[in-house]
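I opened the notebook with the model on screen. These are my entries, in the order I looked things up.

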Amino acid sequence: MKVLVAVKRVIDYNVKVRVKSDNTDVDLTNIKMAMNPFCEIAVEEAVRLKEKGVATEVVVVSIGPKASQEQIRTALALGADRGIHIETEEQVQSLAAAKLLKAVVEKEQPQLIILGKQSIDTDNNQTGQMLAALCGYGQGTFASEVVVEGDKVNVTREIDGGLATVSLNLPAVVTTDLRLNEPRYASLPNIMKAKKKPLDIISPADLGVDIAPRLSTVKVEAPAQRQAGVKVGSVAELVDKLKNEAKVI
Amino acid sequence: MSVLVIADHDNSVLKPATLNVVAAAQQIGGDIEILVAGEGCGAVAEAAAKVAGVSKVLVADNAVYGHALAENLSLLVAELGKNYSHVLTSAGTTGKDFMPRVAALLDVAQVSDIIKVESADTFVRPIYAGNAIATVKSSDSVKVITVRPTGFDAVAAEGGSASVEAVASAHDAGVSSFVKEELAKSDRPELTSAGIVISGGRGMQNGDNFEMLYKVADKLGAAVGASRAAVDAGFVPNDMQVGQTGKIVAPQLYIAVGISGAIQHLAGMSDSKVIVAINKDEEAPIFQVADYGLVADLFDAVPELENSL
């Protein structure tokens, strides 16, 4: 079966972001960018399904500026077969992303679509669910285990109280949690080979999707800074401060 | 204006997070109604009817909603929700699962994880793991919103007298089914609503050493959390993870033991009222947010802490 994986270019997870002085957004100029960590897990899962003989082809898609092709190439180096880049310089919100991905799903007809559960920039946790809704597919969100059995997929999900398992008819949408797998590193030969793998570039207009944002950002601010605290010398002093100064125990 | 709040529950108990969501609904204004969808959830509906400030409780009691499968639940919420100006639920894993489906079915954007209501169409939410706070305005006809419970003070669970009305429609999308659930059992308070949380990180070295934290927690009536490092290392189950991708907590007191304080962990606890850090590394980033820091070996300090309580 064919597996479609969506990946997003985001700020590297180790970078501490700074808010622009005019409070319009965070400052991303000259900032290290990378593949969203949850998307890496999605790519890894798709490649493992291929290695198990479950998947026959892994197609990776990314929506974003030209530079997003770096992340598509990374996915190709990790084992995906070909890429689709939906190129736009506009900011694409979750609903628009889901609509673009739905258009790709209609064209490619994958049996399984894997996305990360959230991107670490907008922290929305929406796109996979929205895509599943638009396609009328079942969804296995926050997956920590994915088992394809015939025309169904069993997904173990991380929920607030523990784990829950659902069975979904294929085609289905799965979103990855951190514990689904440990993504591999791309080797240099694979990075070189990935440069030759096919990459289609299309525009949102080609897919007939209106990507106009539904939410407008009024402002972006830095969070309130916590007051610097004090170091205590002993456990006794700590307990005393918690009891008599902070009055929390 | 009218607000529909989707209750968070397990078919027998109304989860406290629902009270925080009703508080957010009150700040938006207008009539507040609660939808309880589940199977055999009569007791939850009764509890919801007593919540202060609620005018009506809708109950969809049907086997198709028994396990809160997003495919079925979202069809129900989208059907009912289009008649309201706002649809709200808590940003727990259930809400995060079904709510974006509702938004897509209604062809509207979702505003995730709000921590503040500015006005009926403008909301505040953290982005970039809480390192930036965005104020966003929605122009959609129905505002579909998930609420971060720690951002709002809970309304009273008693005092209301809402009418209870049954909802007949039973949506079965027919694409998914529930297989099984493995819930972690604990007598300690629930992590997200506990007044005191004590968390362990990689410095705990193994799962057995968490016993030290459990002992302190039991003396303080606290919940026990963990950093991603501790979960990934298999010390404790993943539902104990506090952080950007785990649970968001904002207790009165948060005690971080053997946790360095990575950006992703701070995203889950930096709104705590008082933060205590116990770490032997004086340079650990956790000390930059801790109100009280103790540079010490946790294997000495934690048992001593237990004895002094």
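**Entry 1: a surface patch**

I counted a nonpolar patch from residues with over 30% relative accessible area and no salt bridge, joining nonpolar side chains within 5 Å. I note here that the model is predicted. With that rule I found Leu188(A), Ile191(A) and Met192(A) forming a nonpolar surface patch of about 290 Å². I then looked up Met192(A). Met192(A) sits in helix 5 of chain A, residues 188–194. Its relative accessibility is 45%, so I logged Met192(A) as partly exposed.

**Entry 2: chain A as a whole**

I took the overall figures for chain A next. Chain A has six helices and 13 strands. Its C-alpha atoms fill a box of roughly 65 × 45 × 40 Å along the principal axes. Of its 249 residues, 53% count as buried. The accessible surface of chain A is about 11,000 Å², and carbon and sulfur atoms account for 49% of that. I also checked sequence separation in the contacts. Among chain A contacts between residues at least 6 apart in sequence, 70% join residues at least 24 apart.

**Entry 3: helix 4 of chain A**

How many of the nine residues of helix 4 of chain A are buried? I got seven of the nine, so this helix (residues 127–135) is largely enclosed by the rest of the structure. The buried residues are Gly128(A), Gln129(A), Met130(A), Leu131(A), Ala132(A), Ala133(A) and Cys135(A). I then asked what covers them. From chain A, the cover includes helix 3 (94–108), strand 6 (112–116), strand 7 (138–149) and strand 10 (172–176). Chain B also takes part, the cover including its helix 4 (93–105) and strand 5 (110–114).

**Entry 4: strand 12 of chain B**

I moved to chain B. All five residues of strand 12 of chain B (residues 196–200) are buried, so the rest of the structure largely encloses this strand. I sorted the side each residue faces. Ile196(B), Ile198(B) and Gly200(B) point one way, while Val197(B) and Ser199(B) point the other.

Which strands pair with strand 12 of chain B? Strand 14 of chain B (residues 253–257) runs parallel to strand 12 and is joined to it by five bridges. There, Ile196(B) stands opposite Leu253(B). Strand 13 of chain B (residues 223–226) is also parallel to strand 12, with four bridges between them. Here Gly200(B) stands opposite Ala226(B). Strand 12, helix 5 (residues 210–220) and strand 13 of chain B make a right-handed β-α-β unit.

**Entry 5: Ile28(B)**

Is Ile28(B) buried or exposed? At 6% relative accessibility, Ile28(B) counts as buried. Ile28(B) belongs to helix 1 of chain B, residues 17–28. I listed what Ile28(B) touches, leaving out residues up to four places away in sequence: Met1(B), Val3(B), His86(B), Leu88(B), Val117(B), Ala120(B) and Phe123(B). I picked out Val117(B) from that list. Ile28(B) and Val117(B) are 89 residues apart in sequence, but their C-alpha atoms are 6.7 Å apart.

**Entry 6: salt bridges**

Side chains of opposite charge can pair when their charged atoms come close. I counted 28 salt bridges over all chains. I looked up a few.

- Glu44(A) and Arg184(A) meet in a salt bridge at 2.9 Å, N to O. Glu44(A) lies in helix 1 of chain A (residues 37–51) and Arg184(A) in the loop between strand 10 and helix 5 of chain A, so the pair ties together parts 140 residues apart in sequence. Glu44(A) is buried at 4% relative accessible area, whereas Arg184(A) is partly exposed at 29%.
- Asp121(B) and Lys137(B) form a salt bridge at 3.4 Å, N to O. Asp121(B) is in the loop between strand 6 (116–119) and strand 7 (122–127) of chain B and Lys137(B) is in strand 8 (residues 132–138) of chain B, so the pair ties together parts 16 residues apart in sequence. Lys137(B) is partly exposed at 37%.
- Glu118(B) and Lys116(B) also meet in a salt bridge, at 3.4 Å, N to O. Glu118(B) is partly exposed at 41%, and Lys116(B) is partly exposed at 44%.

Notes. Residues are numbered from 1 along each chain as its sequence is written. Chains are lettered from A and ligands numbered from 1 in the order in which they are written. This is a predicted model: local features need pLDDT of at least 70, side-chain atom pairs count only at pLDDT 80 or more; totals for chains, interfaces and linings use all residues. Side-chain values use heavy atoms; hydrogens and water are left out. Patches are made of residues with over 30% relative accessible area and no salt bridge: like charges are joined within 9 Å, nonpolar side chains (Val, Leu, Ile, Met, Phe, Trp, Tyr) within 5 Å. Accessible areas come from the Shrake-Rupley method with a 1.4 Å probe; for residues, only the protein chains shown count as cover. A salt bridge is a side-chain nitrogen of Lys or Arg within 4 Å of a carboxyl oxygen of Asp or Glu. Helices (H or I, at least four residues) and strands (E, at least two) are DSSP runs, numbered from the N terminus. Buried means under 20% relative accessible area, exposed over 50%, partly exposed in between (1.4 Å probe, protein chains only). Two strands pair if DSSP finds at least two bridges between them. A crossover is right-handed if, with the strands pointing away from the viewer, the path from the first strand over the helix to the second runs clockwise. Contact means heavy atoms within 4.5 Å.
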